[in-house]
Amino acid sequence: MNDKPTEKPIGAMTFEEAMIALEQVVGALERGDVPLEQSIALYERGAALKAHCAAKLKDAEEKVELIRAQEGRAVGTTPVEGM
Amino acid sequence: MDLIDDTPAPQGNQPEYTVSELSGAVKRVIEGEFGLVRVRGEVGRVSRPASGHLYFDLKDDRSVIAAISWKGQVAKMQVRPEEGMEVIATGRMTTFPGQSKYQLIVDDVAPAGAGALMAMLEKRRAALAAEGLFDQARKRRLPFLPGVIGVVTSPSGAVIRDILHRLRDRFPRHVLIWPVAVQGQACAAEVAAAIRGFNAIQPGGPIPRPDVIIVARGGGSLEDLWGFNEEIVVRAAAGSEIPLISAVGHETDTTLIDYASDLRAPTPTAAAELAVPVRLELLAGLDATGARLVRGVVQGVGLRGQRLRDLGRALPRLDSLLSAPRQRLDGAGARIGAALGLAVAQKHRQFDRVAGPMRPELLLGLAARRRDGMRLWEQRLEAALARRLERARDRADNQAGRLVPALERMIAAADRRVQDGNRELAAKGARLDAAAGARLKRLTDRLEALDRTRGTLGYAETLKRGYAVVRGDGHVVTTRAAAEKAASLEVEFADGRLALGARAPRKAKGEEGGGQGSLF
């Protein structure tokens, strides 16, 4: 886990990192202790984070595969249906 | 033992065996009699050479039987005999004619009762724990939302279905199933290989690397689950780079992999729940957060606008701000001329107040007071002087009074000393006179004596007795030769001298004219 998720580009963040960053943004805005100009920038960042999180949540497709192994190494997969 | 008696002489019709024949006969008897036996005993020394066969001893308190499991049998064993283990071994007896030995070929070994198995399990757990494989510090945190989930389990069975079902409910994910045998001899090796295999998948390759691994198996007997107690599985789980959830058996079953895993799930279904969050909840939470975001920024702007309006309203007009100072300026301007005059008059009054008392009388009065003061001092000074003189005089008198008697004493003492001195002088004078008189008398006496002596010794007395002294030319002549030479001779008698006929010397000297004169 990255301790400083805010320093990462949003696109590279995990869902959890993006959520933490979003919480920080919202918290700062709710406290109202950021200058007006900065609060606009914060909002934009928050919106981007939210979109990133939403994309991660939307990307919820089930895919089940069976590993084909040779001598302890995975060499391929076989899709599994109807399980 | 006459069977092996080698006396050459035949002793009846008993057949004669060779060693091999006899050994073979024994082998047949033993194998026939003990073709399938179960033996309970403690496992003694165990050794497994490179051949893969397993040699061990079975013993009780009195006897030992050598036991062997061939490589193929060992591979099929559920439980491998370990030293100290109480087991029931199943197999057949045979002999080893080369060493005159009999031994048990063991097909299978089962722990003698659950207690023995548990004791062994506990021993193994303690050993692995001592290595630090179960330390909390080794535990990895599970990812909040894994993208790929690797499941190590049997592909056929309820377990994988349960897991997939629960994942589907919560958050459909990409699942990779690594099929393994979940019981039997192959179980441990396959499970360990699967864990290592998932870890060997490189990120970005054709097969996605799992973000979390679930090792799952349904409930079963202790023996069924035994594979998950094997050291190889425990080590693989402890060494997994990918966070690992163990879900073996039911909630009450604990296998050693549970100690080594990063998180233990009571059931396979629970493992799925631990692996992923609920998507809908996350969506709801994200929506709520998004709403808070909008509200936060809107509220921030709104609050600022409100504050701005409030402040703007509270801001006073410029005229009203200036009117009061302006009025004060006017007032001050109007008063400033009069104020100067007033100030001067006031200073003047202050000056008068101070200067008023400054008059000559003040100085004179001051001088008079000083003079009086001086006079007073003068009087006090005189009095003081008189007092001091008085005191001095008293002191002088006092000392004078003491002085007179002292003087008198001193005079008296001096008188005494004078008298003493006089007395002493008189005494010493008398002694001096006496001494001087005596000395004079002694000296006079001595003088007279000496004079008498002188008279005796001198020629004058001699003269009286008829002797005379002849002198020539003034000198005493004692020889005839001397007398012939003399120009004049003089004979002295006791009553005076007589000059004798002066014989004129041949060569007379003028100097003796006086004498000659008288002769002529």
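Which residues touch the most other members of the largest nonpolar core? I will come back to that after a quick tour. One caution before the tour: this is a predicted model.

I start with chain B. Chain B has 14 helices and 14 strands. Of its 520 residues, 27% are buried. If we take the contacts in chain B with a separation of 6 or more, 62% of them are between residues 24 or more positions apart.

Now a sheet in chain B. Five strands form a closed barrel in the order 1-2-3-5-4, and the pairing is mixed. On average, neighbouring strands in this sheet are turned by 55° against each other, with direction ignored. Strand 4 of chain B, residues 86-96, and strand 5 of chain B, residues 101-111, are an antiparallel pair with 10 bridges. One place to look is B:Phe96, whose bridge partner in strand 5 is B:Lys101. Helix 1 of chain B, residues 19-33, lies across strand 4 and strand 5. That helix runs at about 150° to strand 4 of chain B.

Back to the opening question. The largest nonpolar core has 55 residues, and B:Val152, B:Val191 and B:Val215 touch the most other members. Helix 5 of chain B, residues 187-200, gives the largest share of this core, 7 residues. The core also takes at least three residues from each of two domains of chain B, domain 1 (19-112) and domain 2 (139-277). Another core lies apart from this one; it has 45 residues, including A:Ala21, A:Leu29, B:Phe171 and B:Ala216.

Beyond its neighbours within four places in sequence, B:Val191 is in contact with B:Val152, B:Val180, B:Ala181, B:Val215, B:Phe228 and B:Val233.

B:Val180 is on that list, and its place is the loop between strand 7 and helix 5 of chain B. Is B:Val180 buried or exposed? B:Val180 has a relative accessible area of 6%, so it counts as buried. Setting aside neighbours within four places, the contacts of B:Val180 include B:Thr153, B:Ser154, B:Pro155 and B:Ala194. B:Val180 and B:Ala194 are 14 residues apart along the chain, and their C-alpha atoms are separated by 7.5 Å.

Next, a charged residue. B:Arg124 sits in helix 3 of chain B, residues 114-130. B:Arg124 counts as buried because its relative accessibility is 11%, and the cut-off for buried is under 20%. Again leaving out neighbours within four places, B:Arg124 is in contact with B:Glu82, B:Trp226, B:Asn229, B:Glu230, B:Glu231 and B:Leu256.

Chain A is next. Strand 1 of chain A, residues 63-70, and strand 2 of chain A, residues 73-79, run antiparallel and are joined by 6 bridges. Within this pair, A:Leu66 has A:Thr78 as its bridge partner. The two strands form a hairpin with 2 residues between them, and A:Glu71 in the turn has a positive phi of about 50°.

Last, the interface. How many residues of chain B are in contact with chain A? There are 37, and they are in contact with 43 residues of chain A. Between them the two chains bury about 3500 Å², with 67% of it on carbon and sulfur atoms. On the chain B side, B:Leu286, B:Leu293 and B:Arg304 lose the most area to chain A, together 19% of what that side buries.

Terms used. Residues are numbered from 1 along each chain as its sequence is written. Chains are lettered from A and ligands numbered from 1 in the order in which they are written. This is a predicted model: local features need pLDDT of at least 70, side-chain atom pairs count only at pLDDT 80 or more; totals for chains, interfaces and linings use all residues. Side-chain values use heavy atoms; hydrogens and water are left out. Two strands pair if DSSP finds at least two bridges between them. Helices (H or I, at least four residues) and strands (E, at least two) are DSSP runs, numbered from the N terminus. Axes are lines fitted to C-alpha atoms, for helices over the stretch in contact, and angles run from 0 to 180 degrees between N-to-C directions. Contact means heavy atoms within 4.5 Å. A nonpolar core is a set of buried Ala, Val, Leu, Ile, Met, Phe, Trp, Tyr and Cys residues joined through side-chain atoms within 4.5 Å. Buried means under 20% relative accessible area, exposed over 50%, partly exposed in between (1.4 Å probe, protein chains only). Domain bounds come from an automatic or database domain assignment. Buried area is the accessible area (1.4 Å probe) that two parts lose on being put together, summed over both.
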